[in-house]
Amino acid sequence: MTMESPKPSTSGAAEPADDYLERRALRRGSAGWLLLTGLGVAYVVSGDFSGWNFGLAEGGFGGLAIAMALMGVMYACMVFSLAELSSVLPTAGGGYGFARRALGPWGGFLTGTAILIEYILAPAAISIFIGDYVESLGLFGLTSGWPVYLACFVVFIGIHLWGVGEALRFSFVVTGIAVAALLVFAVGAFMDFDASKLNDIAVDADAFGSNSWLPMGLLGIWAAFPFGMWFFLGVEGVPLAAEETKDPARTLPRAIRWSMAILVVLALLTFFASAGARGANAIQDAGNPLVEALQPGGDATALSRIVNYAGLAGLVASFFSLIYAGSRQLFALSRAGYLPRFLSLTSSRKAPYLGLLVPGAIGFGLAAATGDGARMLNVAVFGATISYALMSLSHIVLRRREPDLERPYRTPGGMLTSSVALVLACAALVATFLVDVTAALIALAVYVVAIAYFGIYSRKHLVARAPEEEFAALAAAEAELERD
């Protein structure tokens, strides 16, 4: 493989060889709004099956309910903002591209790096959870360990290498199975619903503001923020499919809105049905809360077995779609020179093969070495909250700085909507330190190393012809003409 020799540019950015972008092209028009809606739900659906319930131990039913509502507001406000931004700049860069236009190269890099932390760590964590499900279900006599993690990465990255259209269709089918199972679960669980079970967690009398609904007091609401996010974490990845979408200016906003609407309904059904059927105290530490909710006597039922298998489908759907999201974010950052350029090369089937293989190898290595899925998810949440704050800020900046920019879709509420998302994202970022200080510090250390790389090297080797860079350069040129 020969490497391009970028030619110097008078603008300070690297001017690549003539075939640079041709060797970094994705398959256009592979996805319509329905597949993208399925992708948005797939990013998140595993969070309905497990993880969110640990927030009951932090804030009790009332604390987690308020946290879920506030995080739902944050995501709703943010995705409406992203819908506008993706209609303005429909490229594979997603959040990085939005921040690059609004906040400059540093803002773009900080946002893209935070998204990468989320999309590399989350699949690694989910592969461990898949291993746990495989072991608990007794599938093929396997136990949770590195062979199962390796199989996940090899099989599902292989499908992505096959092609984006095939990958999204596979994700859509598996997600459909998981969503159908959640609806069946909700019907079964609500048959045993008892409101008195919702607030059965012991009250900490020393906690400020504590009562039966807020057993850990008011601070418990804040500590439950990261777990309230698990009902929605990842939906912001829909714009990363922009370059492979039919009519992205119209399709992306529609898919983002529908994804969020479906996720809100699933979150409410899952949360209330689970806690009301078995009790908040019984499921707060369960690795499989939905199954526990259906087994009040501890004995498996036909419905609990179905939900157990569907939980595995939900984990596969999220794992599969997050692999996709991470590869596209890495592809865009590499194509523009923020990360080593060879990582954005695409195959004959227009798949960014190194953008899939390299994060996959890192994710497998972390899963096999640590086996600590919960901590890796907490690291992912830290990266996610940083990106949410920066993307919301980007919407505000572009609305103020470029009010006349053509916007095929406009966010309801304008800057007020994105301001709400910004404030709540900052609050969620601080909450990660309340839940797992070690995870937050690990993510911060990775972030510092990445910033050093950008400051010392890659900011001097950006590729001017990359779509996100051209878009930002055009804005700068227009601003200069206006000043003149």
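1. What share of the contacts in the protein with a separation of 6 or more comes from residues 24 or more positions apart? The figure is 82%. Contact here means heavy atoms within 4.5 Å.

2. A word on the source. This is a predicted model, where local features need pLDDT of at least 70, side-chain atom pairs count only at pLDDT 80 or more, and totals for chains, interfaces and linings use all residues. Residues are numbered from 1 along each chain as its sequence is written, and side-chain values use heavy atoms, with hydrogens and water left out.

3. Overall make-up. The protein has 17 helices and zero strands. Both are DSSP runs numbered from the N terminus: helices are H or I with at least four residues, strands are E with at least two. Of the 484 residues, 59% are buried. Buried means under 20% relative accessible area, exposed means over 50%, and partly exposed is in between (1.4 Å probe, protein chains only).

4. The surface. Accessible areas come from the Shrake-Rupley method with a 1.4 Å probe; for residues, only the protein chains shown count as cover.

5. The core. The largest nonpolar core holds 149 residues. Such a core is a set of buried Ala, Val, Leu, Ile, Met, Phe, Trp, Tyr and Cys residues joined through side-chain atoms within 4.5 Å. Tyr 75 and Tyr 388 touch the most other members. Helix α4 (residues 95–137) gives this core its largest share, 21 residues. In soluble globular proteins, nonpolar side chains tend to be buried together.

6. Around Tyr 75. Set aside its neighbours within four places in sequence. Tyr 75 is then in contact with Met 229, Phe 232, Leu 233, Val 235, Glu 236, Met 260 and Tyr 388.

7. Helix α14. This helix covers residues 373–401, 29 residues in total. From first C-alpha to last it reaches 42 Å, close to the 42 Å expected at 1.5 Å a residue. The expected span is 1.5 Å times one less than the number of residues. α14 is mostly covered, with 24 of its 29 residues buried.

8. Thr 37 lies in helix α1 (residues 33–44) and is buried, at 6% relative accessible area. Leaving aside neighbours within four places in sequence, Thr 37 is in contact with Ala 255, Trp 258, Ser 259 and Ile 262. Its C-alpha atom is 8.7 Å from that of Phe 172, 135 residues away along the chain. Thr 251 sits in helix α9 and is buried too, at 10%. Not counting residues up to four places away, Thr 251 touches Gly 32, Trp 33, Leu 36, Thr 245 and Lys 246.

9. A nonpolar patch. Which residues form the nonpolar patch on the surface? They are Phe 190, Phe 193, Val 264, Leu 268 and Phe 272, with about 380 Å² of accessible area together. Patches are made of residues with over 30% relative accessible area and no salt bridge; like charges are joined within 9 Å, and nonpolar side chains (Val, Leu, Ile, Met, Phe, Trp, Tyr) within 5 Å. Helix α9 (residues 248–278) gives the most, three residues. Phe 193 is in the loop between α6 (164–190) and α7 (218–223). It is partly exposed, at 33%.

10. Salt bridges. How many salt bridges does a search of the whole structure find? The search finds five. Each is a side-chain nitrogen of Lys or Arg within 4 Å of a carboxyl oxygen of Asp or Glu.

11. Arg 101 and Glu 402. Their side chains meet in a salt bridge at 2.3 Å, N to O. Arg 101 lies in helix α4 and Glu 402 in the loop between α14 and α15 (415–435), so the pair ties together parts 301 residues apart in sequence. Arg 101 is buried, at 6%. Glu 402 is buried as well, at 13%.

12. Arg 278 and Glu 292. The closest N and O atoms of this salt bridge are 3.2 Å apart. The pair links helix α9, which holds Arg 278, to helix α11 (residues 289–293), which holds Glu 292; the partners are 14 residues apart. Arg 278 is partly exposed, at 23%, and so is Glu 292, at 29%.

13. Asp 436 and Arg 375. This salt bridge is 3.1 Å, N to O. Asp 436 is in the loop between α15 and α16 (437–456), Arg 375 is in helix α14, and 61 residues separate them in the chain. Asp 436 is buried, at 9%, whereas Arg 375 is partly exposed, at 31%. Elsewhere, salt bridges that share partners join Glu 84, Arg 399 and Arg 407 into one network.
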